[in-house]
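This report goes through selected local features of one protein chain.

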Amino acid sequence: MQWRKVLGRVVGAAALLGLGIILGHFAIPKGANPPAPSASASQDLDPEILETIMGQLDASRIRENLRELSREPHLASSPQDEALVQLLLRRWRDPESGLDSAEASTYEVLLSFPSQEQPNHVAIVGPSGTILFSCRQSEENLTGEQGGPDVVPPYAAYAPPGTPQGLLVYANRGSEDDFKELQAQGIQLKGTIALTRYGGVGRGAKAVNAAKHEVAGVLVYTDPADINDGRSLPNETFPHSWHLPPSGVERGSYYEYFGDPLTPYLPANPSSFRLDPATASGFPPIPIQPIGFEDAKVLLCNLQGPSAEADWQGALGCDYKLGPGFEPGGMFAGSQVNLSVHNRLELRNSSNVLGIIRGAVEPDRYVLYGNHRDSWVHGAVDPSSGTAVLLELSRVLGTLLKKGTWHPRRSIVFASWGAEEFGLIGSTEFTEEFFCKLQERAVAYINVDISVFANATLSARGTPPVQSVIFSAAKQIPAPGPGSLSIYDNWIRYFNRSSPVYGLVPSVGSLGAGSDYAPFIHFLGISSMDIAYTYDRSKTSARTYPTYHTAFDTFGYVEKFVDPGFSSHQAVARTVGNVLLRLSDSLFLPLNVSDYSETLQSFLQAAQLYLGPLLEKHSISLGPLVTAVEKFERAAVALGQRISALQKGTFDPLQVRMLNDQLMLLERAFLNPRAFPEERYYSHVLWAPRNNFLDTFPGLASAFLRAIDTDPGSAAWAEVQRQLSIVVVALEGAAATLRPVADL
């Protein structure tokens, strides 16, 4: 009937209109300004704008930013942390230098704090119950900044409460092999307190490994051999040098995973399902507490038992013995160590702050640049050196934006993450909440956590496609200090490798899970990088800067010892700013996917050398893997050729968009969320955790090592075959992603 036809047309028109509204809503961010009048589909990186931005990044402003950011301790969720949220919002909403928009989003997350009423305590208790020695409960107040009420006492976040007491043993770095070595020496571990040193394995793993051997509690200290190049005396450590003073204690999270512990894979919003804290996994199974090396010396240098082997020895000025218990003729004969931990779990509000500059041509493509905000104490190096750079770069870009002289091609998202120190919580909650949008639209993630460890050279880590854009930026910027070297030329003097394609180039490391890039690369498959300035490793064996996570990481420490003049902070700001502009403004994304070929060839050769012979005996062929790597290499070369051809001629903007999407989406092709069911959030088959010496495909290598001592046809060898198939399919999928989009 006629009325049905009319109704059908109305409904159809309404449906089309609704679809258009929805697509428009998600393609253009809320409140977006229309594109700048000069914007066009062919807008490209403007070298003059790039040069202007590099010249306006001011070292003295970065210095003042750092002074303000590190003035007070700002533990996650504290009033001081919230004050910095408001500072960021003010800066990013400034009418003269602010961004297009700035908002804070809050999550309710599970954090861990020491009890104020019952401070954690470590003591040597005599046979009669008398306390013969007590470890410090706070660090020495050397500069007047270590004794304030907002300085959180040293503790192991998420360590369970408990008061175990037992004989002391020395367990080196607390690895599984270290505890097995103690057992091999005939040392009874059940009921003991293990003294371990930082390094070797993760913090939480020390407690996990100890618990497997029925150890009752764990102590952790920083050995001067690992952080101070052996220096341990008060007159040769801070405040007289940059070295860790004897009372310094490294705080940290001992949670095994990242993200909010109660809402894995879900954003920690009020409506989200939460696990029961009593049964949630990932927490240390036994009490654990960090102490300073001056207290560790008292404990360790009075132990009895056999001497530890040479590589277990340190720089405390005595022969390290294994225990158990103290020397019979010494002052602590017959004594035990009591460990009293009274940490508590609390649901707290923690905020991320996002500042957005909307793209003039491609507002639905996001270049993200993030740094966490929270610190254990003052956090001048970690993380405020990164936030100081973030604020200066956003000021310079915001000023140009407000003047109307520049708009990026793609949207730029600045992020200040909350509660990173407790396990990358803010960044992980963000990726969980915006999973689909980020997977579809995020071009790359730039992380600058600690911007300056020291002032010798640039250091960078990232996925292979970002190598070329970092190199391009580093070549354009002068290195701090005398001489005329670029950051690139200076970098190659300190960290380099021989590339079969490029010759001698700086080394770009791979990304683990040590900072906020982790959920972006491992969970979302977004091309990511981490950039900093660091020290000359030929002059120190320190595993990080010495006052890491202590109350001595202050503005004065940075200004006097880490980067006097703040020229290295400025160098990082220029490098990161250059990379950011290249990613946001270049017509063709500066991601070189062919650089993945070197990594894949290296992984393949290692697999053939170390795994191949035994795999062959079990009738498992690496042939499909060889073929998959070759397919990827051909597809990457062909894509590069198509891009070069387009750059030389006339092109349809839609062609550029399609090619850029292929570059952007490559990293996603390596994701398989079912590849590592035992590893939370890890789904990237090339960069999953590698708990072995084999520098090859991680899932394949781990499965191979588990299968070595099992019978042919076992489930373990079936898992090797499965992991091999996972890698092959991922590589073939990546190759397909790079082929012309019309070629299914």
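## Helix H5

The model is a predicted one. The buried residues of helix H5 (residues 176–184) are Asp178, Phe179 and Leu182. They cover an arc of only 95° around the axis, so they sit on the same side of H5.

The packing partners of these buried residues are strand E6 (168–170), strand E7 (193–197) and helix H6 (203–212). Just after H5, Gly186 has a positive phi of about 85°.

## Helix H2

Helix H2 spans residues 47–56, and Ile49, Leu50, Ile53 and Met54 are buried in it. Viewed down the axis of H2, its buried residues fall within an arc of 135°, and therefore line one face of the helix. Pro47, Glu48 and Gly55 are exposed and lie on the face of H2 turned away from the buried side.

Three helices pack against the buried residues of H2: helix H9 (380–403), helix H12 (467–476) and helix H16 (567–585).

## The H3 and H15 pair

Helix H3 (residues 59–69) and helix H15 (residues 555–562) have axes that come within 9 Å and cross at roughly 145°. H3 contributes Arg63, Leu66 and Arg67 to the contact, while H15 contributes Phe555, Val558 and Glu559. Sorted by class, the H3 with H15 contact has 3 nonpolar, no polar and 3 charged residues.

## Cysteines

The structure holds 1 disulfide. It is formed by Cys301 and Cys318, with the sulfur atoms 2.0 Å apart. The angle about the S-S bond is -75°, and the link of Cys301 and Cys318 is left-handed. Both Cys301 and Cys318 are in the loop between helix H8 (293–300) and strand E11 (336–340), 17 residues apart. Cys301 is partly exposed at 21% relative accessible area, and Cys318 is also partly exposed, at 24%.

Cys135 counts as buried, at 5% relative accessibility. Cys436, in contrast, is exposed, with a relative accessible area of 53%.

## Backbone geometry

The bond from Gly323 to Pro324 is cis, with omega near 5°. Pro324 is in the loop between H8 and E11, the loop that also holds Cys301 and Cys318. The bond joining Asp382 and Pro383 is cis as well, with omega about 10°, and Pro383 is placed in helix H9.

Positive phi values also occur in residues other than glycine. For Ala419, phi is near 55°. Ala419 lies in the loop between strand E14 (410–417) and helix H10 (425–433) and is buried, with a relative accessible area of 0%. For Phe566, phi is near 60°. Phe566 is in the loop between H15 and H16 and is buried at 1% relative accessible area.

Is Asp260 buried or exposed? Asp260 is buried, with a relative accessible area of 1%. Asp260 is located in the loop between strand E9 (252–253) and strand E10 (288–290).

Not counting residues up to four places away in sequence, Asp260 touches Glu108, Val109, Leu110, Tyr255, Ala268, Ile425 and Glu429. Between Asp260 and Ser134 the separation is 126 residues in sequence and 34 Å in space, C-alpha to C-alpha.

## Annotated spans

UniProt, in an unreviewed entry, lists residues 167–252 as "domain: PA". The end C-alpha atoms of residues 167–252 lie 25 Å apart, and the span is 27% helix and 16% strand. For residues 352–558, the end C-alpha atoms are 26 Å apart, with 33% helix and 25% strand.

Residues 620–739 are listed by UniProt (unreviewed entry) for "domain: Transferrin receptor-like dimerisation". This span of residues 620–739 is 61% helix and 0% strand, and its end C-alpha atoms lie 29 Å apart.

Notes. Residues numbered from 1 in each chain as written. Predicted model: local features only at pLDDT ≥ 70, side-chain atom pairs only at ≥ 80, totals over all residues. Heavy atoms only, no water. UniProt positions renumbered as here; feature names shortened; annotations may be inferred. Helix = DSSP H or I, 4+ residues; strand = E, 2+ residues; numbered from the N terminus. Axes fitted to C-alpha atoms, helices over the stretch in contact; angles between N-to-C directions. Contact = heavy atoms within 4.5 Å. Nonpolar A, V, L, I, M, F, W, Y, C, P; charged D, E, K, R; others polar. Disulfide = S-S within 2.5 Å. Buried < 20%, exposed > 50% of the residue type's maximum accessible area, 1.4 Å probe, protein only. Arc of directions from axis to C-beta.
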